[in-house]
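Visitor: I would like a close look at one part of this model, and then at what lies around it. Please keep the explanation plain and define the terms as you go.

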Amino acid sequence: MGRSQLEKQKTHERIVTLAAKRLREEGLEGIGVADLMKEAGLTVGGFYKHFASRDELVAEAVESAIGSWRRQQEEKGIDPGSISLNEYVDTYLSGRHRDHCGEGCAYAALTADLARSSDTVRAVATEGLRRNFDAMTARMPKPETAEARRKAIIASCLMTGALGLARVSNDEALSDEILETVRSFVKELPQAE
């Protein structure tokens, strides 16, 4: 790859990474192309050298946001599949995750927006759900069973909802209670009959 192509690719990745963060902070409609490009230190005209449309950028940014945790673990030399259910739950349902929306779970930050987004964006989000449910199923006892899959979906939905509701609450004690209650419930879920 030539130097100019490599620079273009790096710029493209920088725009997508910034968009992924900003969309999680402000919602899919929360930031415009002009503001995003200005924040990236680029011109609006440069946007169309990288993306055919805003929807294309949103789809790439959502895909990037969905895969960001996995990439972060791999960059640290950690196999995401080796992280136990308890470790995963403790990290996901933490005050840090609650307080840093732009760096966290795209589903907890954008559920309603994703449901109302374009077919392209919803397809990206749906594929991410499948991967997330598969990864959670692998953390359950007897992961090859239908019961493990059922518990994985329940746990994933509980965790995403709890994180979102903890962010909604302006009462820190209630917010912490939501996180702790769901954290302990999900940890017990694999043993539940």
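Visitor: What is the relative accessible area of Thr145?

Guide: The relative accessible area of Thr145 is 28%, so Thr145 is partly exposed. The scale calls a residue buried under 20% relative accessible area, exposed over 50% and partly exposed in between, using a 1.4 Å probe and protein chains only.

Two notes on the source come before the rest. This is a predicted model, in which local features need pLDDT of at least 70 and side-chain atom pairs count only at pLDDT 80 or more, while totals for chains, interfaces and linings use all residues. Residues are numbered from 1 along each chain as its sequence is written, and side-chain values use heavy atoms, with hydrogens and water left out.

Thr145 sits in the loop between helix 8 (119-138) and helix 9. Helices here are DSSP runs of H or I with at least four residues, strands are runs of E with at least two, and both are numbered from the N terminus. Ser84 is 61 residues from Thr145 along the chain, and the C-alpha atoms of the two are separated by 18 Å.

Lys142 also belongs to the loop between helix 8 and helix 9. Lys142 is exposed, at a relative accessible area of 59%. The phi of Lys142 is near 50°, which is positive although the residue is not glycine. Most residues other than glycine have a negative phi.

Axes are lines fitted to C-alpha atoms, for helices over the stretch in contact, and angles between N-to-C directions run from 0 to 180 degrees. Angles under 35 degrees count as roughly parallel, over 145 as roughly antiparallel, 65 to 115 as roughly perpendicular, and the rest as oblique. Helix 5 supplies Tyr88, Val89 and Tyr92 to the contact, and helix 9 supplies Met159, Thr160 and Leu163; contact means heavy atoms within 4.5 Å. Sorted by class, this contact of helix 5 with helix 9 has 5 nonpolar residues, 1 polar residue and no charged ones. Ala, Val, Leu, Ile, Met, Phe, Trp, Tyr, Cys and Pro count as nonpolar, Asp, Glu, Lys and Arg as charged, and the others, Gly among them, as polar.

The classes in the contact of helix 4 with helix 8 are 7 nonpolar, 2 polar and 3 charged residues.

Helix 4 also packs with helix 1 (residues 3-26), at an angle of about 75° and with the axes 8 Å apart. Helix 1 is thus roughly perpendicular to helix 4. Here the class count is 9 nonpolar, 3 polar and 3 charged residues.

The model has 0 disulfides, where a disulfide is a pair of cysteine sulfur atoms within 2.5 Å. Cys105 is buried at 14% relative accessible area. The cysteine sulfur closest to that of Cys105 is in Cys101, 9.3 Å away, which is too far for a bond. Cys157 is in no disulfide either, as the nearest cysteine sulfur, that of Cys105, is 11 Å away. Cys157 is partly exposed, at 46%.
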